[in-house]
Amino acid sequence: DCEYRPVDVFEAWAPVNIALCKYWGKRDAALNLPVNDSLSVALPDKGTRTRVTRLQGESKDIVFLNDQPVSEADGFYQKVVAHLNLFRLDRGDRFRIDTVNNIATAAGLASSASGFAALTRATAGVQGFNLDGKALSILARVGSGSACRSVFDGFVRWHKGEAVDGMDSCAAPLSQVWPGLRLGVLTLTGAAKKVGSREGMARTVETTPLYSAWPAQAEADIAILEQAIVDRDFELLGVTAEHNAMTMHATMIASWPPLLYWEPESVAVMQKVWQLRKDGVPVYLTMDAGPNVKLLFESPVEDSIRQVFPDVEVVKLFP
Ligand code: 2P0
């Protein structure tokens, strides 16, 4: 069905997601095709709201991020324009983008995932394209790999696919929910400027001998995580997610030049988490391409977690 009904304004929302099995390494950088499948969980109330407004008589797109204009020289502006190019029907199509994240960048929750997912939904909406979840996920992926997972709520698996054109590389939601599951976000201060994921992944794939072990590890971890979710086996979920994150970081550290996203405070948090576990509190950690640590636990131990980490922001992952 090729019928579409363009409108003047369309608004969309997408959540950020945290991977329990990480996306790390591309087989195609232009299309953001990953080496391995990944599995994430969405943060229901944290993410990006994006409004796309059709412009009349403008020669360029206009972009506002968190109510501030973004200059054409900014890398973010250029990534947004490149993404809009996927949706333009003729050369006259120009848009104003208003995108707002309700999460501080410093929290280390990747806003590029929710940002490109929301931009994809909103632009498809303003153009009147009637796209299903798979098509939205593929388009979001071209903007930023992890954005393909932010098209859906809850547990989401990104299937790496096999096709060279990427038409089978998209995410799909799992049916299970886990009402007691919690994510604790610990925002560290004084974080050093990091190497972006894009550059970091390329460096890891090119320079780390350990990387050859990663794809099989990730595939095994995904299968275990899916089973842990079906069985609601928290220990198996936590062990597998933490081990997966540490394995990803091991490949980064073994890169050259070394890629160490950890700060001294990150290590201090890890040691507290491991001590908590020794003391009988089931809590596990995961980390992404930054110094912040995210905790995984279930609702009954929330008070014990807060005693050790008074600044933790606790997110309920399912209704
Ligand atoms: C993840 N990360 O699975 C992994 C774990 C960071 C560490 O997905 O180049 O911003 O836009 O495809 O999606 C961050 O990578 O990279 C990421 P691009 P993206 O969440």
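User: In which sense do strands S5 and S7 pair, parallel or antiparallel?

Analyst: This is a predicted model. Strand S5 covers residues 62-65, and Leu-65 stands opposite Thr-99 in S7. Four bridges join S5 and S7, and the sense of the pairing is parallel.

User: How many bridges join strand S4 to S7?

Analyst: Strand S4 takes in residues 38-55 and runs antiparallel to S7. The number of bridges between S4 and S7 is eight.

User: Which residues of strand S7 make up its covered face?

Analyst: In a regular strand, side chains alternate between the two faces of the sheet. Strand S7 spans residues 94-101, and its uncovered face holds Arg-94, Arg-96, Asp-98 and Val-100. The covered face consists of Phe-95, Ile-97, Thr-99 and Asn-101.

User: Is Val-9 buried, partly exposed or exposed?

Analyst: Val-9 lies in strand S1, residues 9-21. Leaving out residues up to four places away in sequence, Val-9 touches Arg-51, Thr-53 and Val-126. A residue needs 20 or more other C-beta atoms within 10 Å to be buried, and 12 or fewer make it exposed. Val-9 has 13 within 10 Å, so it is partly exposed.

User: How far apart in space are Val-9 and Arg-54?

Analyst: In sequence, Val-9 and Arg-54 are 45 residues apart. From C-alpha to C-alpha, their distance in space is 6.4 Å.

User: How many residues does the largest nonpolar core have?

Analyst: Cys-148 is among the residues with the most contacts inside this core, as are Ala-140 and Leu-186. Beyond its neighbours within four places in sequence, Cys-148 is in contact with residues including Ala-140, Trp-158 and Cys-170. The size of the largest nonpolar core is 81 residues.

User: How many of the residues around the ligand are charged?

Analyst: The ligand has 16 residues around it, and among those that come nearest are Ala-19, Ser-144 and Ser-197. Helices H2 (111-126) and H4 (197-207) each supply at least two residues of this shell. Six residues of the shell are nonpolar and seven are polar, while the charged ones number three.

User: What is the radius of gyration of the protein chain?

Analyst: The protein chain has eight helices and 13 strands. The globule rule gives 20 Å for 319 residues, and the chain comes close to that value, so it is as compact as a globular protein of that length. Its radius of gyration is 20 Å.

Technical notes:
Residues are numbered from 1 along each chain as its sequence is written. This is a predicted model: local features need pLDDT of at least 70, side-chain atom pairs count only at pLDDT 80 or more; totals for chains, interfaces and linings use all residues. A nonpolar core is a set of buried Ala, Val, Leu, Ile, Met, Phe, Trp, Tyr and Cys residues joined through C-beta atoms within 7 Å. Two residues are in contact if their C-beta atoms, placed from the backbone, lie within 7 Å. Two strands pair if DSSP finds at least two bridges between them. A residue is near a molecule or strand if its C-beta atom, placed from the backbone, lies within 6 Å of it. Ala, Val, Leu, Ile, Met, Phe, Trp, Tyr, Cys and Pro count as nonpolar, Asp, Glu, Lys and Arg as charged, and the others, Gly among them, as polar. The radius of gyration is taken over C-alpha atoms; the globule rule is 2.2 Å times the number of residues to the power 0.38.
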